[in-house]
Amino acid sequence: MPQTLLLAEDDRAIRHALERALTLEGYQVTAVADGVEALAQAHKSPPDVLVLDVMMPGIDGLQVCRVLRAEGDRTPILMLTALVETADRIAGLDAGADDYVVKPFDVEEVFARLRALLRRTSSTTGTASAAGTTGPGAPAPGVREPEPSTERLLTAAGLRMDPQARRAWRGGRELELTRTEFELLELLVRNAGIVLDHSTIYDRIWGYDFGPGSKNLAVYVGYLRRKLDEPGAPQLIHTVRGVGYVLRED
């Protein structure tokens with residue numbers, strides 16, 4: 001069965017072009033023109049993945065995202081945005097989006113990011129068998145693979161994580177994390193004390209490397225730090241300049 005995709009974009013030309021391209025790529029696409037229609041359609045027939053334009057009249061993409069997340073809907077969401085400032089991207093992550101593409105975009109980039117989101121969803125729900133163990137999604141040598149899904153609790157540097165329930169705590173405080181934030185933190189916790197380079201993290205979390213000029217990882221790490229850090233407590237995620245990131249409690 002083709003994977004279902006809900007597209008919300010108020011620009012008619014972009015909407016029609018994307019709908020056609022995504023249909024040719026093999027998706028079963030439902031295209032709507034605004035956030036109100038997007039919410040109605042998502043409630044009526046939940047898709048496998050959503051593509052939401054940020055700037056739409058009435059209810060915009062960020063509001064749609066917030067409503068769905070507040071309802072407990074964890075469907076992966078890719079945002080389309082003409083806003084390129086870090087604060088704007090953080091707003092999308094804060095709303096619960098999993099990834100974003102900046103306009104003008106190459107449709108092949110949209111395809112690649114959707115494939116990565118759906119691979120991660122399949123891995124999380126256990127519907128994918130050996131996906132991600134070889135090829136572009138494989139971990140670099142020395143990086144530990146996630147434990148079987150029967151494992152209940154991960155601990156490192158004062159953090160606790162329950163991968164099955166997708167819950168995490170620092171001390172007694174539960175962390176409110178988006179899908180991507182949870183997966184990034186889980187990767188760091190499983191490899192506590194090991195410096196993970198940018199390429200390894202991109203491959204494990206997004207399924208492909210965005211390249212040396214991308215700020216995508218830095219944005220997610222910065223936002224994750226804001227949720228983890230506590231006054232008077234040591235920082236847990238450390239930057240190793242020119243290499244990547246490591247989780248440790250100094």
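E186 is buried in this predicted model, with a relative accessible area of 14%. Its salt-bridge partner is R190, and the closest N and O atoms of the two residues lie 2.8 Å apart. R190 also counts as buried, at 10% relative accessibility. Both residues belong to helix α6, where they are four residues apart and thus separated by about one helical turn.

**Salt bridges**

The whole structure contains 11 salt bridges according to the search. In general terms, side chains of opposite charge can pair when their charged atoms come close.

| Pair | Closest N and O atoms |
|---|---|
| E25 and R115 | 3.6 Å |
| E183 and R166 | 3.5 Å |
| R190 and E186 | 2.8 Å |

E183 counts as buried at 10% relative accessibility, whereas R166 is partly exposed, with a relative accessible area of 28%.

The salt bridge between E25 and R115 has its closest N and O atoms 3.6 Å apart. E25 is found in the loop between α1 (12-24) and β2 (28-32), while R115 sits in helix α5 (residues 107-125); the pair therefore ties together parts that are 90 residues apart in sequence. Both ends are partly exposed: the relative accessibility is 39% for E25 and 37% for R115.

A further group is formed by E9, D53 and K103, which are linked in a network of salt bridges.

**Nonpolar cores**

The largest nonpolar core comprises 49 residues, of which L184, L185, I201 and L247 touch the most other members.

Leaving aside residues up to four places away in sequence, L184 touches I201, I205, L217, Y220, V221 and L224. The C-alpha atoms of L184 and R204 are 8.7 Å apart in space, and these two residues are 20 residues apart in sequence.

A second, separate core has 17 residues, including V29, V49, L78 and V110.

**A buried aspartate**

Which residue is joined to D98 by a polar contact of side chains? The partner is R69, at a distance of 2.9 Å. D98 lies in the loop between α4 (86-95) and β5 (99-102), and D98 is buried, with a relative accessible area of 0%. Not counting residues up to four places away in sequence, the residues that D98 touches are R69, T75, P76, I77, L117, R120, R179, T180, W206 and Y220.

**Strand β1**

Strand β1 spans residues 4-8 and is mostly covered, with four of its five residues buried. β1 pairs with β2 in the parallel sense, over five bridges. Within this pairing, L7 has A31 of β2 as its bridge partner.

**The chain as a whole**

The protein chain has eight helices and 12 strands. Of its 250 residues, 46% are buried. Among contacts with a separation of 6 or more, residues 24 or more positions apart account for 60%. The chain exposes about 11,900 Å², and carbon and sulfur atoms supply 52% of that area.

Note on methods:
Residues are numbered from 1 along each chain as its sequence is written. This is a predicted model: local features need pLDDT of at least 70, side-chain atom pairs count only at pLDDT 80 or more; totals for chains, interfaces and linings use all residues. Side-chain values use heavy atoms; hydrogens and water are left out. A salt bridge is a side-chain nitrogen of Lys or Arg within 4 Å of a carboxyl oxygen of Asp or Glu. Helices (H or I, at least four residues) and strands (E, at least two) are DSSP runs, numbered from the N terminus. Buried means under 20% relative accessible area, exposed over 50%, partly exposed in between (1.4 Å probe, protein chains only). A nonpolar core is a set of buried Ala, Val, Leu, Ile, Met, Phe, Trp, Tyr and Cys residues joined through side-chain atoms within 4.5 Å. Contact means heavy atoms within 4.5 Å. Accessible areas come from the Shrake-Rupley method with a 1.4 Å probe; for residues, only the protein chains shown count as cover. A polar contact is a pair of N or O atoms within 3.5 Å; within protein, one must be able to donate a hydrogen and the other to accept it, and residues adjacent in sequence count only if both atoms are side-chain atoms. Two strands pair if DSSP finds at least two bridges between them.
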